[in-house]
Amino acid sequence: MPAVLGFEGSANKIGVGVVRDGKVLANPRRTYVTAPGTGFLPGDTARHHRAVILDLLQEALTEAGLTSQDIDCIAYTKGPGMGAPLASVAVVARTVAQLWNKPLVGVNHCIGHIEMGRLITGAISPTVLYVSGGNTQVISYSEHRYRIFGETIDIAVGNCLDRFARVLKISNDPSPGYNIEQMAKRGKKLVELPYTVKGMDVSFSGILSFIEDVAQKMLATGECTPEDLCFSLQETVFAMLVEITERAMAHCGSKEALIVGGVGCNVRLQEMMAAMCQERGAQLFATDERFCIDNGAMIAQAGWEMFQAGHRTPLRESGITQSVALRPSFSERLLLLTPGGESFTSMYRWAWRWCSISSFFPSSVSLRQGLSM
Amino acid sequence: MQDPDEGLDGRAVAEGGDENGQQSPQAPEAQASSESSATEGDRGNFPQSGPQDASSPAAPCSPAAPGSHSAPGSPSPGSPVGSGAAAEEAAVVPHSEQPPLVPGPSGDTASTTGNRLLEFSVTVPFRSAVEADMARRSLVSNARRQQVIVLQEFTVNDSTLSVRWTTEDPVLFRISINTFLDQLSLVMRNIQRLEFVAVVKRGRGRSRES
């Protein structure tokens, strides 16, 4: 029964988790919270992570009741994410792996979310809506492969919400998205915002620009309240996400939908997705904030599956990859995801091949196929 | 932020030694000359090292070896992490005094790139060759990200880690050095903390962890 220690620190959350055979033994986390009206910068975030990561490591081991001898593998977020925080966490993972003489496994952050979502919810073959501050993708299983059916063509939905929060100087504690959600519950008026679904993809930068522009004017004239704007923004962007998810489910004949990523904590999004699933006779799966928001256990879980499949990351290849989540054109996507479409860069290979494996079941064959690079 | 020298009971003690500063077998050789620990907060109080002209001395730069005691306000000027390791002078090899201003198509002037090669070196003593190599392998992967612009060369000689930067970009030069020092500090605290846990475990009759 291997136990895996996972380090996550790709954005403003730093987490260390311990997973053994599908059971989360520990999952402590810290969040770098900035002042209202501001975001988090890579250097400052990395400084925060460096300051707390060793305490978190100790906390995780204590909570799990394990020692270094009980850990079989060290997993860490290889990418995507912010460079400085990723690098700082990777340094610790490498050092711990050497100190304890344990194998090292670099994990794709996106895969960590999906694998943890599947583990916690028990979803078998879901259409995955991955929504966070840095990612917005609809991933579905079709013809023996997981494929990216739709995604944002510019900014992530969480990024849209976070940046809107800055306009209104909404507190970042515990997170701007959470505070927007609470304010939205008190909203009464729906302000019409641009609705930008482009086929299977979505776009949020225009909505953000629009609402940033009108917010001050409408608030100044009393046309609406900040709560109304939060409500309107949520309703609009979530409806877009529901639409593209439903389209993917219709294409694949999927009867399960799984929401992962920090924005997946939003109860309103879950309600809207649940309504859509109910209309389709499908089932919705979602996790709570412990596993939706970036955490170490999700990296440990994905690392556990990779470790079981025999994957190891040599130290000389353990560098972080900041921009793994690339957005190829449709033709490039088709090339990447079709059998024989091997002419992609190492960065593409990591993210897209993972999404192209025949199954996310922890079978050694499928994982080995997905991990061959 | 937790002081890495803080023991489990919260008292600030010298790693590898007691509060009287007595050395333990675990204390590295560099500890005697080190006056501050490589803590995150300390670096923010120190003048940052940057590209230096050959005529001006480079800020001595050394990470405190594991076990060093934090002495508030004691580090030498310009030393992000205290003495104990030598930083060779950051050398600038100017091929020209000042890059000539070249008028652009619109009439605006822009400086040429020039040929100012910036170099900086730091040597870090560790308690053993194993630790020095461990630190190198932990840090070198991150350095590869900017190898095209900032050349970083890692060398381990016995228990000493030497790192040398070479670049023409002064901004990335400074960023790379500062980043390295931050991460080196983290590596050393990591080694220090896990070793400390091992000592506690042994004291309680459990098997050695590493």
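Me: What percentage of the 373 residues in chain A is made up of buried residues?
Reply: This is a predicted model in which local features need pLDDT of at least 70 and side-chain atom pairs count only at pLDDT 80 or more, while totals for chains, interfaces and linings use all residues. Residues are numbered from 1 along each chain as its sequence is written, chains are lettered from A and ligands numbered from 1 in the order in which they are written, and side-chain values use heavy atoms, with hydrogens and water left out. With buried taken as under 20% relative accessible area (1.4 Å probe, protein chains only), the share for chain A is 60%.

Me: What is the area buried between chain A and chain B?
Reply: Buried area is the accessible area (1.4 Å probe) that two parts lose on being put together, summed over both. Carbon and sulfur atoms give 54% of the total, which is about 2500 Å².

Me: Which residue of chain A forms a salt bridge with B:Arg193?
Reply: A salt bridge here is a side-chain nitrogen of Lys or Arg within 4 Å of a carboxyl oxygen of Asp or Glu, and the count between chain A and chain B is two. For B:Arg193, the closest N and O atoms are 3.0 Å apart, and the partner is A:Asp55.

How values were computed: Buried < 20%, exposed > 50% of the residue type's maximum accessible area, 1.4 Å probe, protein only.
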